[in-house]
Amino acid sequence: MKKVKAPLPKALHQLTPAAPTADTAHAAYIGHRSRCRACTDPTKRCADGLRLGAGYLELLRQEPDRRAAQALAEQEQRRAERRQARQQPKRRAAEWADVDKAVKAADTQRIESVRGARGPIFGLTLLEDTPAELLKLPSGRVV
Ligand SMILES: [Zn+2]
């Protein structure tokens with residue numbers, strides 16, 4: 001038997017960070033201001049403080065577009081899910097139609113192999129003992 005190796009999980013530095021949002025950029029900016037000595041003075045900012053503040057303002061400006069794009073993507077996903085749900089019964093009917101003949105042949109072969117057998121056979125119900133409604137195939141035909 002061949003041993004299958006489980007894939008190794010990625011190291012922390014290999015993971016892609018989540019896309020920054022205005023909220024996370026604001027939290028980073030506020031966090032920096034509370035820790036940075038230069039930025040605690042309300043009139044001064046260090047280079048990092050300026051960069052974080054500008055990044056926050058830029059993300060804040062892009063937020064309406066980002067939300068609109070996200071709403072559009074969610075709408076498209078719901079539409080695709082509804083389309084898939086509509087196609088499901090048709091696909092199942094087509095799959096049953098594909099295997100209907102083979103299923104009937106297998107059932108017939110199974111029943112023929114025990115025709116005339118005497119006594120109960122464990123795990124097998126003879127055709128004569130099967131209720132009529134169970135002998136109907138999904139296509140409506142009767143076994
Ligand atoms: Zn700073």
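A residue is buried if 20 or more other C-beta atoms lie within 10 Å of its own, exposed if 12 or fewer, and partly exposed in between, with C-beta atoms placed from the backbone. The model is predicted: local features need pLDDT of at least 70 and side-chain atom pairs pLDDT 80 or more, while totals for chains, interfaces and linings use all residues. Residues are numbered from 1 along each chain as its sequence is written.

View 1. Helices (H or I, at least four residues) and strands (E, at least two) are DSSP runs, numbered from the N terminus. Of the 143 residues, 2% count as buried. Two residues are in contact if their C-beta atoms, placed from the backbone, lie within 7 Å. Among contacts with a separation of 6 or more, 45% join residues 24 or more positions apart.

**View 2. Helix 1 packs against helix 2.** Two packed helices are described by the angle between their axes and the distance between the axes. Here the angle is about 160 degrees and the axes are 8 Å apart. Axes are lines fitted to C-alpha atoms, for helices over the stretch in contact, and angles run from 0 to 180 degrees between N-to-C directions. The two helices are therefore roughly antiparallel, a term for angles over 145 degrees. Residues making the contact include A25, Y29 and R33 of helix 1 and G49, L52 and L60 of helix 2.

**View 3. R33 sits in helix 1, which covers residues 22–35.** Leaving aside neighbours within four places in sequence, R33 touches C39, T40 and G49 in contacts. C46 is 13 residues from R33 in sequence, and their C-alpha atoms are 9.4 Å apart.

**View 4. L60 belongs to helix 2.** L60 counts as partly exposed because it has 14 C-beta neighbours inside 10 Å. Look for T21 too: T21 and L60 are 39 residues apart along the chain, yet 8.1 Å separates their C-alpha atoms.

Methods:
Parallel < 35°, antiparallel > 145°, perpendicular 65-115°, else oblique.
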